[in-house]
Amino acid sequence: MCGWCPALIRLTVPDEVKRDKGQCHCDDCAIKSSRLRSREPAKQIKKKLIKIAIILGWILLTITGYKVINTQHDHVDWDPFKILEIDPGASLSEIKKAYRSLSLIYHPDMATGDATMFMKIAKAHAALTDDESRKNWETYGNPDGPGATSFGIALPSWIIEKENAVWVLGVYALIFMVFLPVAVGVWWYRSVKFGGDQVLLATSQIYFAFLHKTPYMVLKRVLMVLAASYEFDKAHNSKIVERPSDNIEIPQLMKELPNLGEKNRENPLGCSYSIKARALLHAHLTRLKLPPNTLEEDEVEALMCDAADKMYVLKKCPYLLQDFVQRASQMITLALNGRLARMPNLETMENAMKLCPMIVQALWDNKSPLLQLPNITEDLLRHFTNRKRNIRSLKHLAMMKSSDRRAMLRSLSDSQYSDVMTVLANMPLIELDVRSEVLDDEDSGTITAGAIVTVTVTLVRKTLSTLFDKSDDKALDNTEEPAAAEEAEQQLANGGGEHSPNQARKPKVWEKAPKKKKGKPKKKAGGGGGGHKPAQQAAKKQPQPANNVAASAATAAAKKPSEAPADAPSQQNKENPPAKEKEEASEESSSGSEQSEAEEDDWEELHQQVGRKEKVLETKSKISHSVHCPHFPEDKQEYWWIYIADHKRKLLMTAPYLITNLVDQEEVELKFTAPSKLGIVSYSVIVRSDSYLDLDVFKVIKLDVKEPKEMLVVVPQWELSEEEDDRNQEESAVEDSDLATDDDDDD
């Protein structure tokens, strides 16, 4: 009987699991949980064996330590006075008297004699009466002089026997000259074949070759390249299973799958292992039922597994696609630097990102994302789109009124509807806060051409339950589609819209306000304190002109006060000296307060930068939130790709960064070089999920790129006293007269 029957699986689910309100209990989830539980006994046995081995090791270590502590030492202090039972200060007569009395007791000829004890008594008597013996005892602790010390290793007797010497040497040579080098060589050979996340380097070379050959790949082309990975080939992976029944079942499966591309003869796309893997991937995305004892196991075994059990590559597919995305971004970077002639298209990399959630959720890209929810079928989708309602996304479904949602799904039972709402409520909703600045510049809010722009993105993870019973569209502001962003960029390029560069606009959240200048402002030559500053303020208050001609006229009008005669400001200052002093005093006080505020801002930014650097040094976790993916064989954690792109020019500005630890909030820094073109430039901050469809986040940022500031070279001017000035003039006059006399002599 097939163990994959949903009815039987439902009977085997424990009651406490069914009562758990935070879990989905649909048929697909029950099948997956049963499959995972069937693997638990082997894992539990392995864990228990490891624990038992650790406990036994500690017990043996404890016993050994106890024996070492309590073992009696062979070396015992020898004291002749104790043997003769006399005091250490006894005289020679007392020593002899004690020796005679003890000899009468322990002499071997006596009835109470003891030869061993008599030898000790005689030795103690000699040590105390004989000068040489006493000197040896006092020096070495033994009347016989220093004793020999020997060390040895306890070995079985058969090892040191002469007739076994050849066999012992042979075993040692076999271990140290054959087995050990072979083991190290096999380990090295296997480790060298893999790159990051245990992806074969040969597979990465396939990705490089196809990205260079076809820079633009549609989604199915990316899937073909993915299926050609050497992880599917038995020659490179011994865990792959090939059965004789594949010759019958694979062709039958290929007839059911349209647009499989089996006639493609590119190497390795036309190899048998690649066609089989591609067919199984298509069947997985189409949710076809396969023969349970052959292809179903292959789908689980060759496409999903881990080295220890059935599943190999479907579980491996996210890591393969991560490697594909990394290779594509590397090639784009090399092409932008002029090191590659052909650059992969941005859509190729994005198609690889789209393929990952498709495999996790077992859905094609043209299917409704609502099919990610349990108990939602193709037949039920027609109730989502009719004259009254047009529900096409998960967010729209979450924002429906509860009564309308329940009425729309009235064909579902209460338990099925509860599963739908449980999964929908736990799905992620990402909110972005974007801030752009130039960290190495004094005025970090001003972005100049060629500067390194740092875009700090703060991601806040919420759930779709926050949208329940909300009917306004404000929650969808930061989830624009790329097409809408391209349309906005096109309007911006045409000069229309509220963000036109020729119109006055309010500063955005991501545009940091420029810092105030430190210290007292310098006075320009020919400018006065009373006439130049009000003119600048008046120029700032004027509305921004609508064309370049008016802009040049306004600039000229603002410069007129500085072009006034040099004696005009001096005459004005002579007429009103007290006013000038008051103004200078107020300027000094305001500059002091501004300087203190600027210093506080600098300290805050310094602390923030140090905190960011410390955060970067932390180990990145790979635990975030479990994904509802009943068709994926293992527990999947939410990961997110984040990058900046220019969709108008189809350019990648920053390499995709994979966020693996987004639990509640995470901050990411992305850096790129500002363009050389001046004016307002639009970029897209894109956050893509590798686990869910229709939950990507897209936000447009606009940067006002300005001309870089000219570097002013300050030449120090030395102030000379009147006496030094007169002396220099006299010396120059003498030199001129000497030169004149020399010229006359030459004539």
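How are H10 and H14 oriented to each other? In this predicted model, local features require pLDDT of at least 70, side-chain atom pairs count only at pLDDT 80 or more, and totals for chains, interfaces and linings use all residues. Residues are numbered from 1 along each chain as its sequence is written, and side-chain values use heavy atoms, with hydrogens and water left out.

Helices (H or I, at least four residues) and strands (E, at least two) are DSSP runs, numbered from the N terminus. The axes of helix H10 (residues 219-227) and helix H14 (residues 317-336) come within 11 Å and cross at roughly 110°; axes are lines fitted to C-alpha atoms, for helices over the stretch in contact, and angles run from 0 to 180 degrees between N-to-C directions. H10 and H14 are therefore roughly perpendicular to each other, a term for angles of 65 to 115 degrees, while those under 35 count as roughly parallel, those over 145 as roughly antiparallel and the rest as oblique. On the side of H10, Val222, Val225 and Leu226 meet Cys317, Leu320, Leu321 and Phe324 of H14, where contact means heavy atoms within 4.5 Å. The residues of this contact of H10 with H14 comprise seven nonpolar, no polar and no charged. In this classification, Ala, Val, Leu, Ile, Met, Phe, Trp, Tyr, Cys and Pro are nonpolar, Asp, Glu, Lys and Arg are charged, and the others, Gly among them, are polar.

Helix H6 (residues 115-129) and helix H7 (residues 131-140) pack at about 95°, with their axes 5 Å apart. This angle makes H6 roughly perpendicular to H7. Ala126, Ala127, Leu128 and Thr129 of H6 form the contact with Asp131, Ser133 and Arg134 of H7. By class, the contact of H6 with H7 has three nonpolar, two polar and two charged residues.

Five aromatic pairs are found in a search of the whole structure. Rings of Phe, Tyr and Trp (its six-membered ring) pair if their centres lie within 6.5 Å, and planes under 30 degrees apart count as stacked, over 60 as edge-to-face and the rest as tilted. The rings of Tyr172 and Phe176 are stacked, because their centres are 6.1 Å apart and their planes lie at 5°. For Phe672 and Tyr683, the ring centres are 5.2 Å apart and the planes are at 65°, so this pair is edge-to-face. Phe672 lies in strand E7 (residues 665-673) and Tyr683 in strand E8 (residues 679-689), so the pair ties together parts that are eleven residues apart in sequence. Both Phe672 and Tyr683 are buried, that is, under 20% relative accessible area, with exposed meaning over 50% and partly exposed in between (1.4 Å probe, protein chains only).
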